[in-house]
2 protein chains.
Amino acid sequence: MAPEETGLYFTLFNEIGIIGQLSRTLLEARLPEGLLAPHFTVLNHLIRMGDGRTPLDLARAFQVPKTSLTHTLAGLERRGLVALQPNPGDGRSKQVWITAEGRALRDSVIAAMEPAIAAIAPGFPPDRVEAILPALTALRRILDAQRDAPGG
Amino acid sequence: MAPEETGLYFTLFNEIGIIGQLSRTLLEARLPEGLLAPHFTVLNHLIRMGDGRTPLDLARAFQVPKTSLTHTLAGLERRGLVALQPNPGDGRSKQVWITAEGRALRDSVIAAMEPAIAAIAPGFPPDRVEAILPALTALRRILDAQRDAPGG
DNA sequence: TGCATCTGATACGATATCGAACTAAGTAGT
DNA sequence: ACTACTTAGTTCGATATCGTATCAGATGCA
């Protein structure tokens, strides 16, 4: 592979990394004291994908080590935003349920994000998002598959 | 703004966040013991954009707090990969220079990344990178401008 | 010049991240 | 049923991140 091509992918990942950081900061500025992006990500996932899954399922979905999830879930549980229950199908495992408070918080954060997103939309309209989203999803899937491959 | 549209941007940032995480993991697996993605990012930036800039310049370029940069630079200096010198133009400030060892390390890491990138290329070819890169750059610029705006 | 203010960098402390080791429970092979 | 292996989750320790406070040097203004 030509060096310029390698550089092209580096540039891509670099831009993506910075956007991730900026959007994360944008979100965290609107979260209540003590909550960070991973907390919100869990709440959002539980609502969008359904709750009752195990911590390990969530760790895999977010591509983070399970120890990080343990920590994040502990924070959410301490605040009453999720409830952890024994998994009836597996004695080693647990199920994660979102509480009414968790739902309410997630909705209020999304509402608080609206103005920021509305400010982005004029310069980067929804059709432009739709134009790049399939490629990003494809790239994410490829990286994900790569991860488990030899030498990944 | 319609809720579906807000959700569209959330989906976008979500994909970007995961790709950022996966690519970061890919990179860190190829870094020597004790070095993390931010260390490499600094070395790469010093070579691509030129060295001799101040720590604060770098912090702004990466969108991280300056205290984080202090920490990252300390790690790089301890390993002899960069050199910090007093800024002749400003007694409070410093200049960051990359060393020969730093250059060599950066080059070897890029070489080590090549196979991983070559494995991505069949499923996500360079022309597809080029197709989405301008949009991502535009989005990054908008978010960057937003950051300093009121309520950003 | 003297003083208030601003700016670059670091010290410190609180929390987050994550790898390694551990415990408990499930699974498979005999 | 017994043993070896695998898997889910937590604990612990090392390091990273980042906000606050601090310090030193720069700048602006009287």
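This is a predicted model: local features need pLDDT of at least 70, side-chain atom pairs count only at pLDDT 80 or more; totals for chains, interfaces and linings use all residues.
Residues count from 1 along each chain as written, with chains lettered from A and ligands numbered from 1 in the order written. Local features need pLDDT of at least 70 and side-chain atom pairs count only at pLDDT 80 or more, while totals for chains, interfaces and linings use all residues.

**Exercise 1.** Work out which helix gives the most to the surface near DNA strand D.

Next, look at helices (DSSP runs of H or I, at least four residues): helix 3 (55–62) and helix 4 (66–78) of chain A, plus helix 4 (66–78) of chain B, each supply at least two residues.

**Exercise 2.** Find how helix 2 and helix 5 of chain A are oriented to each other.

First, take the axes, which are lines fitted to C-alpha atoms over the stretch in contact, with angles from 0 to 180 degrees between N-to-C directions. Those of helix 2 (residues 37–49) and helix 5 (residues 100–120) of chain A come within 10 Å and cross at roughly 105 degrees. So the two helices of chain A are roughly perpendicular (65 to 115 degrees).

**Exercise 3.** Describe how chain B meets chain A.

Count contacts (C-beta atoms, placed from the backbone, within 7 Å): 47 residues of chain B touch 47 of chain A. On the chain B side, helix 1 (3–28), helix 5 (100–120) and helix 6 (126–148) each supply at least two residues.

Terms used
Two residues are in contact if their C-beta atoms, placed from the backbone, lie within 7 Å. Angles under 35 degrees count as roughly parallel, over 145 as roughly antiparallel, 65 to 115 as roughly perpendicular and the rest as oblique.
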